[in-house]
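I opened my notebook to look up a few things in a model and write down what I found. Come along and check each entry against the structure as you read.

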Amino acid sequence: ERYQGFAFGMGVERIAMLKYGIGDIRLFYENDARFLSHFS
Amino acid sequence: MRISLNWLRDYVDLRADADELAHRLTMAGLEVSAVETLGVGIEGVVTARIVEKGPHPGADRLSLCRVDDGTEIHEIVCGATNMQAGDAVALARVGTRLPGGLKIKKAKIRGQASSGMMCSERELGLGDGHDGILILPPDTAPGRPVVEVLGLPDTVFEVDLTPNRADCLSVVGVAREVAALTGAALRLPQPNLAESGEPIAGQTSVTIEDPELCRRYAARIVRGVRIGPSPRWLQQRLQAVGVRALNNVVDVTNYVLMELGHPLHAFDLQRLGGQRIVVRRARDGELFTTLDGQERCLDADTLMICDGDGPVAVAGIMGGLNSEVEDTTRDVLLESAYFDPANIRRSSKALGLSTEASYRFERGTDIEGLIRALDRAAELIAELAGGTVAAGIWDAFPGPRARRRVTCRPARVSAVLGVELSRDAIVNYLQALGLSAVAETGSETTFEVPPHRVDLEREIDLIEEVARLHGYDAIPTTLPKVAMTAGERPAARRTADRARDVLVAAGLTEAINLSFIDPAEDERLALGADDALRRKVVIQNPLNSETAVLRTTLLPGLLRAAGLNNRRQTGAVRLFEVGRTFHPVDGQELPREVQRVGAVLAGEQCPLGWLASAQTVDFFDAKGVVEGFVATLGVDGLGWETVTDRPWLHPGRGAVLVLGGEELGWCGQLHPDRAEAYQVPEPLFVFELDLDRLQQGSRKPGAFLGLDRYPAVARDLAVVLDRGVPVQQVLDAVADCRGREPLLRSATLFDIYEGERLAADKVSLAIRVVYRSEERTLTEEEVQRAEAGVLTHLEQQLGARLRGR
């Protein structure tokens, strides 16, 4: 009763996948240096 | 859950049309995912009777039937084989339209005239059945519209219920909701039984050996029944909700299950040993054949219904082959019981057996309402199958509990929903659901919860009910009011941001790794058995063994990433990570969390190009990155010392960063064996720093000192000293001179020489020393005096001598 709020989950990676057309979520966790070159 | 609106109308008046009602129910949390109309488009189809069935003269697989529609006889060619003379069927005569656009015409089929079609379920749009034509109940009079006979048209809702609404798994349950939502009156079935004969107490007995798992078991007996098909209206209702009709007694139990939501079971009384019931757990390994013909192996956690000899049913899930109602059954024992939901769920999973009954028991049934269900079923069986109901109910109810009470504060309801609701309005809403107000103080009301609402446990559950009935769409939309404060990023965040910016500017790429690592990394890093880094926070239910502990160093993630990049030939390895490590603390529940920055470097210093020289990174590149970063933090008093105890570093090729005697981090070349274990290119350089401590030591720039106005004098010195003296010491020694030699401004190493012109154990350091005064231009004598002071100090401290002397 002291704190009220909203709770919801947002798949940040999944939204990025939709926005940038990335097909495999694991690419976000591998740290392959080439991954970022697509966004420069 | 399929709900037939025609059936629903028995219990509540539906004032809205189907779509409106579907919308209303959906908004109240009972999502209507599909609305099906049955029996539309078949108005022209009539009932008829097959007077004669004979073979088609010209085709083996067809038959020729003479069908009476009450007015005339039609000759129909038919390909189905499931009908016989005397059967009542659904006839579409010439000129009738069927769903799907088919119009019946006079036809000649293999030389024989056919004027009409006997329809299957599918042709009538009533279902998928097309193995044969629809056979109507034998007492159906010919010549009537078939929709009348079938109780059509009907609308069927497919309702997707949330798991907490077990009370809606029945027509009456949904009727309750409709009544609460629309204000219409609810008409519950009121069984009106005619009992006769001996009291039930003399005819059977029920013993519950496990009252935890079976909190109530009620039974009735109906004697002298005649097993046969159920009447048309009952079969049709069962079909509308997706249940197969079998025989009148079993159909009644299924009907009451669908109507009231309480699962019942009918036993053949004569097949029960001792004509009595014992409710007990099975024994481990006991075998039992359920009425689907499958033999099951039971365990001691499964509750069984037994007779005087042994098991006759798996409680709450499925009856047994040895006790089920058959065509010759005359006396029926009806069971209406309450079983522990968790146990039924467990047993259902263990046996891989899920039924309409187990589905409801798992979610919680109405422990009081089971009596009404029992009476209703007994009444229907007596009515439809004949027979007399024995007097009384055997009701084994070992531990009745008082109904649940929940207290609700109207002020809180309004606060949570954001709508002002009066106490009376709230009470009205809850009363519409069957709750009753039993106590009242100024600020709160206590309600008694009806036993069919197993999901209402706390005040917030009641608030949710008020919201549902009031309508979520009736709650006005407002923006939340939040007190604004000027925030700022906490210091730890700012330091992490700074680290990222500086390292990216140094040409590294940020890597992000999970904080969970594989305990086996300790071996790959060759940590000593007593190494403090081995003490880790262990995760209680890890996803897998590779994410089972919390990291105490950023190394494993960075080295794995380096290995992956190396295998994929992505180029030079230049990765850093800013992240937390977790260190258990004795006597404390929570670990100490330290924010660190780590990096791995290998490969070319610069990308391939025509102007840059192709040099690979070395230790000093890594050290330079560290020093560049640390400089931006303004931490005073940092120094480097030789590393002694980092087993993953190449011996002799590493250093620790020290502040005030404490180690803040380290930097060095990865040991070749570790490099092999992680499949990283060699040489690979790594560092890791304690960001929290660095940030603590950082200071903001001090007061501006003004720019130097007088020229400086730079003198280069070459000093020879023993190999093995750290350069830092030499530079520190020079810096120490500042006290006596205020003209000293800086000393920078710019060359190192070792070789032929020196003794084997000596090395020559070339240092540029800068002298400057704030007040005047220096004279040659002053500079020489200062330089002599420096040299003397170096000689005294380190035995360093000017080269050439």
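**Entry 1**

Q275(B) sits in the loop between β15 (264–268) and β16 (277–281) of chain B. Helices (H or I, at least four residues) and strands (E, at least two) are DSSP runs, numbered from the N terminus.

I noted how this compares with the general rule: most residues other than glycine have a negative phi, and most peptide bonds are trans.

Before going on, I wrote down the ground rules. This is a predicted model, where local features need pLDDT of at least 70 and side-chain atom pairs count only at pLDDT 80 or more, while totals for chains, interfaces and linings use all residues. Residues are numbered from 1 along each chain as its sequence is written, chains are lettered from A and ligands numbered from 1 in the order in which they are written, and side-chain values use heavy atoms, with hydrogens and water left out.

Then I turned to Q679(B), where phi is near 55°, a positive value in a residue other than glycine. Q679(B) is partly exposed, with a relative accessible area of 44%, and lies in the loop between α17 and β36 of chain B. I found P683(B) in the loop between α17 (672–678) and β36 (685–690) of chain B. A cis peptide bond joins E682(B) to P683(B), with omega about -5°.

Which residues of α8(B) are buried? I listed A357(B), S358(B), R360(B), F361(B) and E362(B). They pack against α6 (248–260), β22 (332–339) and α7 (341–351) of chain B. Just after α8(B), G364(B) takes a positive phi of about 100°.

Next I looked at D366(B), in the loop between α8 (356–363) and α9 (370–385) of chain B. D366(B) is buried yet has no salt bridge, and the nearest side chain of opposite charge, R176(B), is 5.0 Å away. A salt bridge needs a side-chain nitrogen of Lys or Arg within 4 Å of a carboxyl oxygen of Asp or Glu. Lys and Arg count as positive and Asp and Glu as negative, with His and the chain ends not counted. Leaving aside neighbours within four places in sequence, D366(B) is in contact (heavy atoms within 4.5 Å) with H262(B), P451(B) and H452(B).

**Entry 1: where chain B touches chain A**

How many residues does each chain bring to the contact? I found twelve from chain B and nine from chain A. The area buried between them is about 950 Å², and carbon and sulfur atoms give 43% of it. Buried area is the accessible area (1.4 Å probe) that two parts lose on being put together, summed over both. R412(B), R568(B) and T570(B) supply 40% of the area that chain B buries against chain A, more than any other three residues.

The rule finds two salt bridges across this interface. One joins the side chains of R568(B) and E30(A) (3.0 Å, N to O). Helix α15 (residues 555–567) of chain B gives the most to the side of chain B that touches chain A, with three residues.

**Entry 2: chain B as a whole**

I ended by zooming out: chain B has 20 helices and 40 strands. Of its 805 residues, 47% count as buried.

How values were computed. Buried < 20%, exposed > 50% of the residue type's maximum accessible area, 1.4 Å probe, protein only.
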